[in-house]
Amino acid sequence: MKPIPVILDVDTGVDDAVAITLAARCRSIKLLGLVASFGNRPLHYTLRNTLWLKELLALEVPVCKGAASPLCQPDHPEPEDSEHIFHGKEGMGNAVPPPSLATAPDSDDPVAFLADLLEKSEEPVALVPVGPLTNLARLVTARPDLIPKIRVISLMGGAAKGGNVTPYSEVNIYNDPEAAATVFACGAPIIMCGLDCTRDCYLTDGERAQLRQTHRDPLSQILCDGLEGYAASNARFGENCVVHDALAVGCLAYPELLHTSPYYVDICLTPGEHRGQTVVDWEGATGRAANVQVGLRADRDLFVWLVQKSFEGAF
Ligand SMILES: [Ca+2]
C-alpha cells in the first residue's frame, strides 16, 4: 500500500504523544508535518511537547505553532491547575520535559503552513486533528479552494452519546465549538473518532507494565511515564487509560480498526451544557445528507497491537 500523506494537528498531551509516535513509525503513513494547538494545556506547553516528540523520534518534518485560543474567544483564559487536568501541569503526565529544546517551530502561521503542505502534495492529504479544530477551521475558511486536496479529516473529538466535559460534550469540540461547526460543514470527508469508539482504545495496567519492561529506550520510557500520570488522572474519574488520539491515526492505516456508519452531524453552539455537543441525526429527521462517518466501536486487540508495534520502532 502506498503511504497515506498525513498532517497531524495536536495539543500534545499524553495520547497525542502516542498518536505522533504511531504516525511517525507506521510505514503505511507518510507524516508531512505537525501543527500544535492549545487544548489539553496552553499552547506554550503543547507546542514544547510537540517539539520534544519531534526530537525524541528524530522526525524530519516541519512543526507549526498554531492557535492559542478558540476562534471566537481570543481572550480565552488559561485553565487553572486542577484535578481536571488529565495530562498533568505541563501536559505530559509523569514525564518531565527538558528545560530547553534545540528544536524551534518552522512557522507560526497555520493557514500558510497547511496550505503549503497541501499544495505541494501530489496526492490528497489526510488531516488528523486530535485537539480543538481551530487551525483547520481557519484553513477551510481562508482556502476553500484546497478542500479537494483534503483526502479525509480523521478527527478525535465529539461523542454520539455522552461527553467528558459536560454530560453531552467532548473536550476537543467543547474547546472550540464554532471551529468544529465550520469544519463539520466544510464538505471534506470526515471520520469522527469520538468517545463512542475511543473508549474501546484503552491500555490495561498490565499492558502498560509490559510496555515499560519490554522497551527500555528513552522515548518508550517517557511515553510510559506520561501514561502512568494520565492513567492515574483517568482512574480518579472511573475511566480507563484511554489513548483516544491514536485511534484517529490508526484507522487510516488499518480501516478494520474502526466500525463507522454515515450520519449527518451538527455542532450545538447554544450556551449551556449542550454547547459543543456533536448532534447525530440518527433517524435522518433533518433530511440532510450524511457529512460524517461516525465511529461507533473500535477493535481493542488490534489497537493494543498497534501501540505495541509503535513502541518497538518502524513497522
Ligand atoms: Ca489531543
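**Helix packing and local features in a predicted model**

Let me begin with Gln-210, which is partly exposed, with 14 other C-beta atoms within 10 Å; a residue is called buried here if 20 or more other C-beta atoms lie within 10 Å of its own, exposed if 12 or fewer, and partly exposed in between, with the C-beta atoms placed from the backbone. Please keep in mind that this is a predicted model, in which local features need pLDDT of at least 70 and side-chain atom pairs count only at pLDDT 80 or more, while totals for chains, interfaces and linings use all residues. Residues are numbered from 1 along each chain as its sequence is written.

Gln-210 sits in helix α8, where helices (H or I, at least four residues) and strands (E, at least two) are DSSP runs numbered from the N terminus. Gln-210 and Gln-293 are separated by 83 residues in sequence and by 34 Å in space, C-alpha to C-alpha. Thr-204, in the loop between β7 (202-203) and α8, is likewise partly exposed, with 13 C-beta neighbours inside 10 Å, and its C-alpha lies 36 Å from that of Glu-283, 79 residues away in sequence.

Staying with α8, which partner does helix α8 (residues 205-214) pack against at an angle of about 160 degrees? The partner is helix α9 (residues 218-236), with the two axes 9 Å apart; axes are lines fitted to C-alpha atoms, for helices over the stretch in contact, and angles run from 0 to 180 degrees between N-to-C directions. The two helices are therefore roughly antiparallel, given that angles under 35 degrees count as roughly parallel, over 145 as roughly antiparallel, 65 to 115 as roughly perpendicular and the rest as oblique. Arg-208, Leu-211 and Arg-212 of α8 meet Ser-220, Cys-224, Leu-227 and Ala-231 of α9, where contact requires C-beta atoms, placed from the backbone, to lie within 7 Å. Those residues divide into four nonpolar, one polar and two charged, with Ala, Val, Leu, Ile, Met, Phe, Trp, Tyr, Cys and Pro counted as nonpolar, Asp, Glu, Lys and Arg as charged, and the others, Gly among them, as polar.

The next pair is α1 (14-25) and helix α10 (residues 244-253), which pack at about 20 degrees with their axes 6 Å apart. That angle makes α1 roughly parallel to α10, and the crossing is right-handed. On the α1 side the contact includes Asp-15, Val-18 and Leu-22, and on the α10 side it includes His-244, Ala-248 and Val-249; by class, the contact has seven nonpolar, two polar and three charged residues.

Turning to helix α3 (residues 110-120), the buried residues are Pro-110, Phe-113, Leu-114, Leu-117 and Leu-118. Seen down the axis, they fall within an arc of 125 degrees, so they line one face of the helix, the arc being that of the directions from the helix axis to the C-beta atoms. The face turned away carries the exposed residues Glu-119 and Lys-120, while the cover over the buried residues includes β1, β2 (29-36), β3, β4 (125-129) and α4 (134-142).

Finally, two backbone details deserve a look. The peptide bond from Thr-12 to Gly-13 is cis, with omega near -10 degrees, and Gly-13 lies in the loop between β1 (4-10) and α1. Ala-58, although not a glycine, has a positive phi of about 50 degrees; Ala-58 belongs to the loop between α2 (43-56) and β3 (63-65) and is exposed, with 8 other C-beta atoms within 10 Å.

Technical notes
Contact = placed C-beta atoms within 7 Å. Left-handed = near helix turned anticlockwise from the far one by under 90°.
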